[in-house]
Amino acid sequence: MNALLSIAWRSGWNRRATLALVAFSIGLSTFLLLGFERLRGDIRDSFSQSVSGTDLIVGARTGGVQLMLYSIFHLGGATNNIRMDSVRALEQNRDVAWVVPLSLGDSHHGFPVLATTPEFFTRFQYGYKQHVALASGRLFDGSLDGLYDTVLGAEVADALGYRLGQHITLSHGAGGPGGIEHADKPFTVAGILQRTGTPVDRTVHISLAAMEAIHLDWVGGAPMPGVSIPATMARKFDLAPKQVTAALVGLRSRSAVFKVQRFVAEYPQEALMGVLPGVALDQLWDVVGVGEKALLALSALVAVVSFAGLIAVVLAGLNERRRELAVLRAVGAGPRQVLLLLLVEGTLVAVLGVAFGAALVAAITFGLGPWIQSRYGILLAASAPSSAEWQLTLEIVGAGVVASLIPAWRAYRLSLVDGLSPRV
Amino acid sequence: MDKVIVRMLKEIPMSHRYSSSAFVLSIAAATLLGWAGAQAAASSAPSTAPAYKIGDKLQTKPATKSSGARQIEWDELMPADWDPMKGVQTLQLAALGDGDPRASAALEKLKKAWDEAPVVPAMDKQHVVIAGFAVPLDAEGTSVHEMLLVPYFGACIHTPPPPANQVIHVILSKPAKGVRMMDTVWITGTLHVATATTSLGPSGYQLDGESVAPYRGGTHP
Amino acid sequence: MIEIRNATYRWRGADVDCLDIQSLDLAAGASLFLHGPSGSGKSTLLGLLAGVLAPSTGEVKVLGTALKGLTAAQRDAFRADHVGYIFQQFNLLPYLSVEDNVLLACRFSAYRARRADQAKRSPLGHARHLLKGIGLDDELWHRKASELSVGQQQRVAAARALIGSPELVIADEPTSALDAALRDGFMRLLLAECERAGSALVFVSHDERLAEHFDQRLSLPAINRAGTPTALAEVVA
């Protein structure tokens with residue numbers, strides 16, 4: 001066996017140009033499969049740990065997934081608003097412990113703006129009972145004195161290079177070209193949060209009153225021409241919000257969630273819905289799962305193609321190696337050893353290819369990880385491969401062994417027939 | 001001599017020589033393609049084998065060994081004399097006309113009874129093991145710290161949620177891995193019963209979960 | 001040490017035998033020149049002697065072992081242990097070094113390696129000794145076999161066949177690819193080394209002029225009762 005290993009290695013090294021190409025293609029398909037598996041797992045982990053401790057998310061009666069995606073992840077299109085007195089009715093429900101209203105719609109250089117109460121910073125949790133913490137500065141307290149205070153998520157501050165005391169202006173809507181700025185009402189950075197690995201990092205937080213203030217002289221999504229209320233005068237007006245996008249709800253007893261959910265669904269004054277974050281996430285994975293299956297099947301097919309390349313290359317070279325095989329037979333190798341030799345060669349190429357692919361996954365994770373996190377909020381863990389990834393790796397190598405069987409079998413047959421007199 | 005051998009080998013029926021190679025080739029190709037397909041199928045396969053229909057309850061057999069925890073059924077969490085249908089049953093539906101407000105009012109009472117379902121105070125501090133469907137709360141990836149346990153499949157997703165005395169809020173001492181929505185599990189732990197008189201909140205069951213085991217049949221493993 | 005009695009060989013699916021030998025003997029350490037023009041059945045006979053083929057009927061005994069009774073794997077092991085084989089050309093694995101090529105047989109047979117041990121303290125030692133004996137410059141020993149000339153490669157082939165001093169050396173037209181100048185030199189070298197190692201030598205060639213160096217001389221068409229395979233070719237066609 002030792003002899004065969006060394007001969008297989010030297011023989012393969014001799015043909016390294018073509019075999020390297022095959023190994024490279026196997027490596028690419030491994031990269032696809034492993035990378036996809038890792039991305040899948042990391043996306044799910046990232047999403048599922050983005051909100052905890054919240055029993056219900058209440059919003060307009062749209063879709064549960066859409067509501068959760070927009071209110072927590074600030075992804076997707078805006079949902080309809082709900083009235084503030086519906087939120088108050090929720091607060092008064094005796095099963096409800098706390099309610100945090102959320103208002104979305106504006107942005108700052110591509111980062112979403114979230115208007116909420118100071119209670120958000122104490123009630124919002126992520127991961128396992130982790131709370132949002134300040135890195136520097138202070139939170140806004142909801143009073144009119146700190147009306148234009150804003151608290152930035154860690155990523156916003158890092159990406160835009162903001163420091164405490166900096167003045168920023170918010171854009172209406174998602175920003176982008178043609179987006180109108182609320183230039184007359186600049187905000188001051190009062191606090192910067194610590195990194196959480198959740199969408200909080202990418203969010204600019206302001207008070208609900210401030211959200212009302214910047215839209216005081218606006219109607220229907222645009223400023224009223226000729227009307228302009230200076231920033232300092234805004235506080236003279238009633239800045240209590242009439243509408244919000246959604247509300248996070250925490251209950252006194254978590255097992256009462258279905259009861260409150262029914263209360264929300266049957267609330268007569270407005271069409272509302274309440275969704276359990278876990279349930280909504282699960283529905284999201286159901287939808288995404290179909291696409292995932294398709295992508296996985298595609299990646300597996302790519303792997304099959306690269307193995308077909310391995311088979312073709314080794315098979316094509318077999319004819320020239322018949323004299324070689326006759327020499328081996330002369331020194332005492334049997335056809336079975338010849339089969340084993342070819343099998344070892346093919347498996348070596350497959351293993352090298354898989355190793356290359358795995359290394360590529362690690363390199364990309366290290367290299368692109370920070371960018372993906374800042375852009376999409378998804379944490380690509382540069383951690384050890386999961387058991388699913390190990391299993392996948394073993395399966396790919398196994399497929400390589402099976403693929404190598406084909407040229408190995410052919411060599412076996414050739415060696416049997418040729419004996420010591422190859423017909424070349 | 002070699003030329004003769006060549007000619008002789010050519011005369012040997014091709015079918016035998018090539019059919020074995022073709023056979024091996026097709027087996028290998030089938031294996032590879034099957035593997036590709038299995039990848040797609042296995043990507044999000046649920047951990048429990050049987051597919052439950054909405055409303056299915058778990059079949060459990062009484063425990064054969066006593067491991068300290070008492071195996072209980074979901075019925076034991078409802079008071080024996082509680083019957084939410086009482087209000088509707090006493091109503092003679094046949095005697096009512098169409099659209100009679102008394103029918104809707106009775107239905108409202110039923111729904112309210114569902115929500116106000118009374119708990120069984122005697123279950124407090126009981127060390128029990130019970131099987132049910134999991135509704136994970138606050139999962140970290142697939143690591144679950146807290147969950148709701150419900151008696152039938154599809155509860156809260158496809159069908160109306162169960163009455164308040166058929167929902168258990170489980171807090172696990174150590175997180176369970178790989179528990180997904182509607183997975184069937186055995187939970188062992190100590191029940192706590194909150195009644196409207198003892199706590200500020202609504203009544204309900206809470207369980208300090210010590211261990212989680214997958215449900216794969218009638219008896220607790 | 002070679003004993004063939006009424007051995008026949010018939011290719012699978014063929015109607016007639018291609019080889020039928022009533023008797024053939026060779027003593028240990030002796031040399032045999034087998035004159036066999038192409039098509040006289042020499043490949044088959046060499047295959048039988050080397051243990052690659054098993055006789056259809058009859059007896060082929062090498063070193064007292066009846067090869068017919070062994071399985072294919074056992075015959076391969078027997079060959080690794082006791083036989084050195086030299087082809088007409090392309091004897092070496094081009095991607096291995098000269099030394100590694102010579103050592104090949106020892107890697108497939110522990111018995112062979114042990115005999116090389118006894119000869120020169122280690123298989124590598126015996127390999128180097130043989131390489132010196134065939135007159136190959138020591139700076140070539142580490143080079144890849146593909147870098148040598150045809151003449152050099154054939155000489156290395158002889159060294160490879162002789163490592164571990166096998167009891168039987170079979171040479172299949174080893175000089176046919178060499179030019180006249182190298183031919184005689186190789187002949188004398190091979191005979192000398194075989195005599196030194198005490199190995200019996202079966203040398204097949206179509207060139208009768210080489211026969212004078214050998215103890216025994218045989219003509220294959222004369223002893224092959226299966227008739228000239230050219231007649232066979234007509235039957236098959």
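How are α3(C) and α5(C) oriented to each other? That is where I'd start with this predicted model, and the rest follows chain by chain.

1. **The helix pair in chain C.** Helix α3 of chain C covers residues 98-108 and helix α5 of chain C covers residues 123-133; they pack at an angle of about 120°, with their axes 9 Å apart. Angles over 145 count as roughly antiparallel and 65 to 115 as roughly perpendicular, so α3(C) and α5(C) come out as oblique to each other. As for handedness, α3(C) passes α5(C) in a right-handed crossing.

2. From α3(C) you get V98(C), E99(C), V102(C), L103(C) and C106(C), and they meet P123(C), L124(C), A127(C), L130(C) and L131(C) of α5(C). Sorted by class, the contact of α3(C) with α5(C) has nine nonpolar residues, no polar ones and one charged.

3. **Domains of chain A.** Moving on to chain A, the domain assignment gives domain 1 as 2-47 + 284-418 and domain 2 as 56-275. Their C-alpha centres lie 50 Å apart. Where the two touch, five residues of domain 1 of chain A are in contact with eight residues of domain 2 of chain A. On the domain 1 side, the class count is three nonpolar, two polar and no charged residues.

4. **A helix pair in chain A.** Have a look at helix α9 (residues 277-318) and helix α12 (residues 387-418) of chain A: their axes come within 10 Å and cross at roughly 20°. That angle makes α9(A) roughly parallel to α12(A). The crossing of α9(A) past α12(A) is right-handed. On the α9(A) side, the contact is made by A303(A), F307(A), L310(A), I311(A), V314(A), L315(A) and L318(A). The residues from α12(A) are I396(A), A399(A), G400(A), A403(A), I406(A), P407(A), R410(A), A411(A) and L414(A). By class, the contact of α9(A) with α12(A) has 14 nonpolar, one polar and one charged residues.

5. **G357(A).** Still in chain A, G357(A) sits in helix α11, residues 335-376. Is G357(A) buried or exposed? G357(A) has 27 other C-beta atoms within 10 Å, so it counts as buried; the cut-off for that is 20 or more. Setting aside neighbours within four places in sequence, the contacts of G357(A) are G27(A), L28(A), T30(A), F31(A) and L34(A). F111(A) is another matter: G357(A) and F111(A) are 246 residues apart in sequence and 35 Å apart in space, C-alpha to C-alpha.

6. **Chain B as a whole.** Chain B has four helices and six strands, and along the sequence they run α-α-β-α-α-β-β-β-β-β. Of its 221 residues, 31% are buried. If you take the contacts in chain B with a separation of 6 or more, 68% of them are between residues 24 or more positions apart.

7. **V128(B).** With 18 other C-beta atoms within 10 Å, V128(B) is partly exposed. Which residues does V128(B) contact, leaving aside its neighbours within four places in sequence? They are A69(B), R70(B), I72(B) and L191(B). T190(B) is worth checking too: V128(B) and T190(B) are 62 residues apart along the chain, while their C-alpha atoms are separated by 6.1 Å.

Definitions and conventions
Residues are numbered from 1 along each chain as its sequence is written. Chains are lettered from A and ligands numbered from 1 in the order in which they are written. This is a predicted model: local features need pLDDT of at least 70, side-chain atom pairs count only at pLDDT 80 or more; totals for chains, interfaces and linings use all residues. Axes are lines fitted to C-alpha atoms, for helices over the stretch in contact, and angles run from 0 to 180 degrees between N-to-C directions. Helices (H or I, at least four residues) and strands (E, at least two) are DSSP runs, numbered from the N terminus. Angles under 35 degrees count as roughly parallel, over 145 as roughly antiparallel, 65 to 115 as roughly perpendicular and the rest as oblique. A crossing is left-handed if the near helix is turned anticlockwise from the far one by less than a right angle, and right-handed if clockwise. Two residues are in contact if their C-beta atoms, placed from the backbone, lie within 7 Å. Ala, Val, Leu, Ile, Met, Phe, Trp, Tyr, Cys and Pro count as nonpolar, Asp, Glu, Lys and Arg as charged, and the others, Gly among them, as polar. A residue is buried if 20 or more other C-beta atoms lie within 10 Å of its own, exposed if 12 or fewer, and partly exposed in between; C-beta atoms are placed from the backbone. Domain bounds come from an automatic or database domain assignment.
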